[in-house]
Amino acid sequence: MASKFSHASRLTRIALLAGVALGAPLAAPAFAQGTAVAPLVQGQISLADLAERVMPAVVNIAAVTTSETRGRTLPQLPQLGPDTPFGDLFEEFFNRRGQGGQQGERQAPQQRRSQSAGSGFVIDPSGIVVTNNHVIGDANEITVVFSDGLRLKAEVVGKDAKVDLAVLRVKHDKPLPFVKFGDSDKIRIGDPVMAIGNPFGLGGSVSSGIVSARNRDINQGPYDTYIQTDAAINKGNSGGPLFNMAGEVIGINTAILSPTGGSVGIGFAVPSSLAVNVVDQLREFGETRRGWLGVRIQNVDDATAEALGLGTARGALVAGVDDKGPAKPAGLEIGDVIVKFDGKDVKDSRDLPRIVAATPVGKDVPMQVMRKGKELTKTVKLGRLEDGEKVQQASANNKPAEAAKPAVTSALGLELSAQSEELRKRYSIKDGLKGVVITKVDSNSNAADKRILVGELVVEVGQEAVNSPEDLTKRLDALKKEGKKSALLLVSNGQGEVRFVAVSMN
């Protein structure tokens, strides 16, 4: 979905899953039910055969969320006597507004329905569908629509917000067409790819391009390692597949970088190498079970590497050790640099969370650390990340609450406010989203020209996170001192779909 980083529903996130190779090519151009999509014959230039083979397994996702809202309380008015001019009209008017109740009564609960649309794909003929988590959100009703018009109700098997994936199940009396995951680790920059999805509600739309880059970190989560592609991805493509030329899914379209909300040739997909393990866990357990080390880390720059005697900048610097985490009994200390974990090199701090998360819970894992210029080997028994998060949350809840700060300001033609329960309800902001709420947009401002909307959140300014209006104004002041003429904002809608928007500071 769109944003300078906008989900293909908002930024357009693309999730990729690694898997086994596809079967032999089909003799007929039609997609055979219950069989994997055949690879494209080597040497073919047209994508028509490939699109025809995989299209039946790509679906549109329609999600409906129904929530209960209450009407506003009517004002208390003085009793109107029988001789009061128009008294009977006032009484009738307010009784209607109160749905027949007395003045001052709260209206009965009402149902509010919101709808969203995205894409997905079938990975098992029994009816297992993969899509983005942000496509379905907290929907009460999910419908999967196939290219031949077949509509099936779906149930949620499991979902994971950290990688933005969800697994659904539909039931049908016949095997369903499906596709398989390929190995995204084998793709190279310049390889051709094809995306299929439901952009702007136009289901079954095909676009093609190349792999523009790999391992992109767009600051969307702890495991960012996106495939970048110039294949056109727009709002509604979220959750759809990114295919290699063998008809294998190497990514799940998830986000786009766009100043306008439409495709400008910079799209991002979650690689299959990251997604497959998540999907497998969601299918087996209905939840993720990631490894947990229990450390706080930061990147190692050249100056730090020299000071620590590393020679070159590498590894993940341990900046904190959780007292209740697995790292402490394993002997890790603040200042250690983890350079290898479970036999895998840790090139920088971004590598470690992904490697640890993909390692089985409870496994005894060897790791190489640099401490005061010497390399040591430590062994850690991994815990479960989800359990660690519960411990950390309980600890945080025991801390005394900070006093609320009045936080409202105006900048860049925007009126901004700190998040509150009232604002989250008003703008349907999902729990856990961070940022500053936009409560007003000057129609004559550059922000309005860039289609920034009331109810959205400013998450970052100049690639630094902001959690209060004060943070935002301080960051803007810093950018002005640096001589910047515009501020790069990371803007999110209430469902967590983000985009980058450059707004003039003049």
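Because the model is predicted, local features need pLDDT of at least 70 and side-chain atom pairs count only at pLDDT 80 or more, while totals for chains, interfaces and linings use all residues. Residues are numbered from 1 along each chain as its sequence is written, and side-chain values use heavy atoms, with hydrogens and water left out.

**The chain overall**

Let's start with the big picture. The chain has 11 helices and 28 strands; these are DSSP runs numbered from the N terminus, with helices being H or I of at least four residues and strands E of at least two. Take the contacts between residues at least 6 apart in sequence, and 65% of them join residues at least 24 apart; a contact here is heavy atoms within 4.5 Å. The accessible surface comes to about 24,500 Å², with 49% of that belonging to carbon and sulfur atoms. Those areas come from the Shrake-Rupley method with a 1.4 Å probe, and for residues only the protein chains shown count as cover.

**Some strand pairs**

Two strands pair if DSSP finds at least two bridges between them.

| Strands | Sense | Bridges |
|---|---|---|
| β5 (residues 141-145) and β6 (residues 151-160) | antiparallel | four |
| β8 (residues 192-197) and β9 (residues 205-216) | antiparallel | six |
| β9 and β10 (residues 226-229) | antiparallel | three |

β5 is mostly covered, with four of its five residues buried. Its Ile142 stands opposite Ala154 in β6. The β5 and β6 hairpin has five residues between the strands, and Gly149 takes a positive phi near 95° there.

β9 pairs with β8 and also with β10. Towards β10, Arg216 has Tyr226 as its bridge partner.

**A glutamine in α4**

Gln281 sits in helix α4 (residues 272-285). Its relative accessibility is 12%, so Gln281 counts as buried. Leaving out residues up to four places away in sequence, Gln281 touches Gly286, Glu287, Thr288, Arg289 and Arg290.

**Cavity and pocket**

On a 1 Å grid over the protein atoms alone, a cavity is a set of points where a 1.4 Å probe fits but cannot get out, whereas a pocket is an open set with protein on both sides within 12 Å along at least five of seven lines; lining residues have an atom within 4 Å of a point. Points are joined across faces, edges and corners, and a volume is the space filled by probe spheres set on them.

There is one cavity of 30 Å³ or more. The largest cavity has a volume of about 60 Å³, and its lining includes Lys162, Asp224 and Tyr226. By class that lining has six nonpolar, one polar and two charged residues. Nonpolar covers Ala, Val, Leu, Ile, Met, Phe, Trp, Tyr, Cys and Pro, charged covers Asp, Glu, Lys and Arg, and the others, Gly among them, are polar.

The second largest pocket holds about 1,100 Å³ of space. Of its 35 lining residues, Ser114, Tyr427, Ser428, Ile429 and Gln495 are the closest to its centre. Strand β3 gives the most to that lining, with five residues. The lining splits into 10 nonpolar, 15 polar and 10 charged residues.

Methods: Buried < 20%, exposed > 50% of the residue type's maximum accessible area, 1.4 Å probe, protein only.
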